Amino acid sequence: MKDLIEKYIRLVIKSGATDAKLIHPSSVVTAPWVRIKCQFGCPAYGQSYCCPPDTPDHHQTREMLDSYQRAILCHVEAPKIQGKKRQFKKYYTKLVDLEGLVFKDGYYKAFLFLSGPCRLCGECEKMNEKPCQHGYKARPSMESCGIDVFQTARNNGLSIDTLSKPDDTQNVYCLLMVD
Ligand code: SF4
C-alpha cells in the first residue's frame with residue numbers, strides 16, 4: 001500500500017492546524033486521573049455520548065492505541081479571537097472528513113480523537129434519552145478517553161501549558177489513528 005502519511009499531514013494543516021506530526025502511539029500517554037478530572041470539574045460530564053462515562057476508560061483506550069503503529073498528532077495554536085468556536089467546528093468537521101478519506105485509501109482502522117465536548121448539537125440527544133443524531137460524525141475527545149494530552153504533546157516535542165488568563169493562547173490537540 002502506498003504510504004500517504006505526508007499527504008495526510010498536509011491536509012491536516014490545510015484544515016486549519018498549526019502543525020501535525022507523525023507519531024508512534026506508544027508516545028500517547030493514558031492515565032487514570034484524566035477521567036476523574038472530567039467527573040469532578042467539567043460541567044459537561046455525563047451530558048454527551050462523547051463524554052465520560054459513555055467513552056472508553058484509560059484501560060480500553062490503551063489497548064486500542066497499542067493496536068496501532070502510526071498516528072498523526074494534530075496541533076492548533078489558538079489565540080483568543082472572535083469566531084473561534086465556529087472556526088473549531090469547521091476544523092473538526094474537516095478532520096472527520098479526513099478520517100473518512102484515510103479509511104477509503106485503505107487504512108481501514110482510521111479513527112479520530114477530537115478535543116473537548118461534541119459540538120454537533122446544541123444539546124446532546126443523550127439528555128433526551130434518544131440515540132446520537134450524527135453517529136457517523138461524532139467523535140470523542142482525547143481527554144474523554146483517558147488520554148493525558150499534556151504529556152502526549154510534550155513527549156512529541158510540541159507545546160502545551162495550563163492557561164492562567166482568559167486571553168492566554170490555547171494549544172489544542174487531536175489525534176488521528178492511521179496504521
Ligand atoms: S452528535 Fe449530537 S447527539 Fe451525537 S454525541 Fe454529539 S451532541 Fe450528542
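## The sheet and its strands

Two strands are taken to pair if DSSP finds at least two bridges between them, and in this predicted model strand E1 and strand E2 (residues 71-78) are joined by five bridges and run antiparallel. One of the residues involved is Lys 21, whose bridge partner in E2 is Leu 73. As a general point, the strands of a sheet pair through backbone hydrogen bonds, and they may do so in a parallel or an antiparallel manner.

The sheet as a whole is open and is formed by four strands, which follow the order E1-E2-E4-E3 with antiparallel pairing. Its edges are strand E1 (19-23) and strand E3 (111-113), each of which pairs on one side only. From one strand to the next, the twist averages 20°.

## Helices packed on the sheet

Helix H1 (residues 5-14) packs on the sheet, where it touches E1 and E2, and its direction makes about 150° with that of E1. Helix H3 (residues 58-65) also packs on the sheet, but its contacts are with E3 and strand E4 (170-177), and the angle between its direction and that of E3 is about 135°.

## The ligand and its surroundings

The space that the ligand takes is the largest pocket. Around the ligand stand Ser 48, Tyr 49 and Cys 50, together with Cys 118, Leu 120, Cys 121, Cys 124 and Glu 125, and also Cys 132, Gln 133, His 134 and Ala 138. When this shell is sorted by class, eight of its residues are nonpolar, three are polar and one is charged.

## Backbone features in the loops

Most residues other than glycine have a negative phi, and most peptide bonds are trans.

The peptide bond that joins Pro 52 and Pro 53 is cis, with an omega of about 5°, and Pro 53 is located in the loop between helix H2 (33-39) and H3. Glu 129, a residue other than glycine, has a positive phi, with a value near 55°, and the place of Glu 129 is in the loop between E3 and helix H5 (149-155).

Conventions
Residues are numbered from 1 along each chain as its sequence is written. This is a predicted model: local features need pLDDT of at least 70, side-chain atom pairs count only at pLDDT 80 or more; totals for chains, interfaces and linings use all residues. Side-chain values use heavy atoms; hydrogens and water are left out. Helices (H or I, at least four residues) and strands (E, at least two) are DSSP runs, numbered from the N terminus. Axes are lines fitted to C-alpha atoms, for helices over the stretch in contact, and angles run from 0 to 180 degrees between N-to-C directions. Contact means heavy atoms within 4.5 Å. A residue is near a molecule or strand if one of its heavy atoms lies within 4 Å of it. On a 1 Å grid over the protein atoms alone, a cavity is a set of points where a 1.4 Å probe fits but cannot get out, and a pocket is an open set with protein on both sides within 12 Å along at least five of seven lines; lining residues have an atom within 4 Å of a point. A molecule sits in a cavity or pocket if more than half of its atoms lie within 2 Å of its grid points. Ala, Val, Leu, Ile, Met, Phe, Trp, Tyr, Cys and Pro count as nonpolar, Asp, Glu, Lys and Arg as charged, and the others, Gly among them, as polar.
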